[in-house]
Number of protein chains: 2
Amino acid sequence: MHRFYQNFTLGVLGGGQLGRMLVQSAIDFNLDVNIIDPDENAPCKNLVSKFRVGKLTDYQSVYEFGQACDVLTIEIENVNTDALKQLQKEGKKVFPQPEVIELIQDKRKQKQFYLDRGIPTADFILTENRQAVLENRNFLPAVNKLGKEGYDGRGVQILKNESDLEKAFDAPGLLEKLIDFEKEISVIVARNENGEMKAFPPVELVFNPIHNLVEYLTAPADISSEVASQADAIARKVINELDMTGLLAVEMFVTREGNILVNEVAPRTHNSGHQTIEANITSQFEQHLRAILNMPLGDTSMKIPSAMVNLLGEDGHTGLAQYEGLEKVLGIKGVHVHLYGKKLTKPFRKMGHVTIVDQHTESLKEKVKFVKENLKVIA
Amino acid sequence: MHRFYQNFTLGVLGGGQLGRMLVQSAIDFNLDVNIIDPDENAPCKNLVSKFRVGKLTDYQSVYEFGQACDVLTIEIENVNTDALKQLQKEGKKVFPQPEVIELIQDKRKQKQFYLDRGIPTADFILTENRQAVLENRNFLPAVNKLGKEGYDGRGVQILKNESDLEKAFDAPGLLEKLIDFEKEISVIVARNENGEMKAFPPVELVFNPIHNLVEYLTAPADISSEVASQADAIARKVINELDMTGLLAVEMFVTREGNILVNEVAPRTHNSGHQTIEANITSQFEQHLRAILNMPLGDTSMKIPSAMVNLLGEDGHTGLAQYEGLEKVLGIKGVHVHLYGKKLTKPFRKMGHVTIVDQHTESLKEKVKFVKENLKVIA
């Protein structure tokens, strides 16, 4: 275990909502946190001893930032890994490891990795450009993904039939068989430097069909114990095969036949683990810190069933954020609001989330509906 | 409800551990927090947009600090209430109200208030000086309390018999009948501007007999439902009689006959509510914010039984704090460590606390023992 509580600095690349919730957790460990983010008004701006404005994809700015840190971590994958490798060479700890980040930055490499390591995933074809997609039209219906720079629903689109082909990405990407899945689930698994491993129980994700963003989730997922333990085993296999230290979110499809396919992974805290703050013995943020500082990992079990609703900027509203209906939802038992501290809202921007805890599944679902109908981010 | 999430500043007098945990909670509401504290290295130093060094008992420094704030609150009672009254006159909201703070600053007024309002409390005699204590020696065994400036176990002592009389306080104070209580419990109750009121379930406090500091607590308290509902009713009566907005911690004795006597109250977040962060639907810190910002109050029920162990500086150790045994206790299921970010330790200084959650009372108690035996703050 690192002596993290004195003369020790944790550097985080990215100062958005994930960094913000990580800082809330880091306070409990008396961690000195430094953050770099390109946005001078990033959500973490006022919450840490040192906040630096800089591009995460720029070698020099990441390298200079890392100099003052003992351990470095990320809240977004799109960072300069060459700088992280150099820092690692100079003795800094970097978790997740730069090699893991690189692999995951590129969805093509990610898919190939699953195939090579026997991790179940949907069939796919690598495509170099639009022409390659056109040549593989017999693979449709398929999901067309950009290899790099996809994030928060961008760089992913469905090509149902030939009439969709015109929008095919004209850059290195892939075509993935469209899976007729029954559910999407996620398992977040942690692994520390000692190799200790712990996974959170699977949660069930409901995506907004248009924007490919998580609309809400429920925990635990409504799946059989067989599917749950299979999902758990797959998540562990992925983090082990990656030989990764840190936290890994593994999003999976459960097919109508009850098989599991890995969809995508994120080597960091993740939207599908926000409910752990209120609902589990250890939150994903504390678990991430425990993993990268080589502390014993925390108990992941649930204290209470929960749901999490993402709070996205209302369509048609751009400007200073106002939270309509906040008082109403705060009046509901078990509601906990997380606002991310973003001054400006725009359509579908992630502005916050709402966690709801409740012993009863039925009332949980009613409350999800109430929150979605009543709480709006407008300008 | 105040539109607290934009162009709004909450000012907190005091930047210690209570302010620190309040800030962690305030982040979720996107609250801009300003803090004033006399210590330039106070635990809140790096966590807020504006941290000001200044004396809390000084009129000018409190008054100037308050100018930039919309709502003011406290994390310690020993503040300049004249400045708060002036700020209130100028339109600032101050919760708890300055009049309540004044009443509670003076244990003599506090006791008289209980008597006047029919709130059960131990018999007492007001004493102006040591001579007055001597004249009331037939009241022994008694607790001798200073009227003002007692805090964290200071200004309170037991006078068992005449040989203890020499240490009697030579300042305005009181003598309180020593109660042969069975348990000490605490109920934290909140009240918002609308008058909505919610109380947390009673917790059971175990004090360090030498330093008069909470050593650990367990939640729920092991008391009958009759005693629990009596304690709940008394806490509600106190906050109502005070006509107070905010959070009030009511410490009570349960006598061997099953009667309840109010010992002391604190008009703020309190050591006896730290476990609510992990163990209750709403934490005391979120509840305090809801109360003073006139939001609907949160559900106070327990998610899981818990215990809280205070982490005090080890006797004989002064200097840079080291946390011996941290790895061991983090290896125990359900343990959550809160370090307060104090660089220097000294004997019995509150350096942090440990919350333990566990479904089973027996294993909770074993874990309390383990934490107390294994985790030490040394220099």
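# Exercises on a predicted two-chain model

In this predicted model, the centres of domain 1 and domain 3 of chain A, taken over C-alpha atoms, are separated by 23 Å.

**Exercise 1.** Describe the contact between domain 1 of chain A and domain 3 of chain A, beginning with the residues that each side contributes.

*Solution.* Start with the bounds: chain A is divided into domain 1 (9–94), domain 2 (123–177) and domain 3 (181–378). Next, count the residues in the contact, to which domain 1 of chain A gives 18 residues and domain 3 of chain A gives 24 residues. Then turn to area: about 1,700 Å² is buried between domain 1 of chain A and domain 3 of chain A, and carbon and sulfur atoms give 67% of this. On the side of domain 1 of chain A, the residues that lose the most area to domain 3 of chain A are A:Gln17, A:Met21 and A:Phe29, which together account for 31% of what that side buries. Finally, look for charged pairs, of which the rule finds 2 salt bridges across the interface of domain 1 of chain A and domain 3 of chain A.

**Exercise 2.** Work out the strand order of the open sheet of 5 strands in chain A, and state which strands lie at its edges.

*Solution.* The order of the strands in chain A is 3-2-1-4-5, and their pairing is parallel. Reading the two ends of that order gives strand 3 (50–53) and strand 5 (93–94) of chain A as the edge strands, each of which pairs on one side only. Further inside, strand 1 (residues 9–13) of chain A runs parallel to strand 2 (residues 32–37) of chain A, and 5 bridges join them. To place this pairing in the structure, find A:Thr9, whose bridge partner in strand 2 of chain A is A:Asp32.

**Exercise 3.** Trace the pairing of strand 14 (residues 246–255) of chain A, and decide whether this strand is enclosed or open.

*Solution.* Then take strand 15 (residues 260–266) of chain A, which pairs with strand 14 of chain A in the antiparallel sense over 6 bridges, with A:Glu264 of strand 15 as the bridge partner of A:Glu251. Strands 14 and 15 of chain A form a hairpin with 4 residues between them, and in the turn A:Gly258 has a positive phi of about 85°. Last, apply the burial cut-off of under 20% relative accessible area: 10 of the 10 residues of strand 14 of chain A are buried, so this strand is largely enclosed by the rest of the structure.

**Exercise 4.** Apply the burial test to helix 9 (residues 284–292) of chain B, and then inspect the backbone just after this helix.

*Solution.* Going through helix 9 of chain B, one finds among its buried residues B:Phe285, B:Glu286, B:His288 and B:Arg290. The count is 9 of the 9 residues, so helix 9 of chain B is largely enclosed by the rest of the structure. Just after helix 9 of chain B, B:Asn294 takes a positive phi of about 55°.

**Exercise 5.** Identify the relation between chain A and chain B from the rotation that superposes them.

*Solution.* Chain A is superposed on chain B by a rotation of 180° with 0.0 Å of shift along its axis, at an RMSD of 0.0 Å. That is the relation of a two-fold axis. In chain A, the C-alpha of A:Leu47 is the one nearest the axis, at 2.2 Å from it. As for the contact residues, 100% of those of chain A recur in chain B, and the same surface serves both copies.

Terms used:
Residues numbered from 1 in each chain as written. Chains lettered and ligands numbered in written order. Predicted model: local features only at pLDDT ≥ 70, side-chain atom pairs only at ≥ 80, totals over all residues. Heavy atoms only, no water. Pairing = 2+ DSSP bridges. Least-squares fit on C-alpha atoms with pLDDT ≥ 70 in both. Contact = heavy atoms within 4.5 Å. Buried < 20%, exposed > 50% of the residue type's maximum accessible area, 1.4 Å probe, protein only. Domains from an automatic or database assignment. Buried area = accessible area lost by both parts, 1.4 Å probe. Salt bridge = Lys/Arg side-chain N within 4 Å of Asp/Glu carboxyl O.
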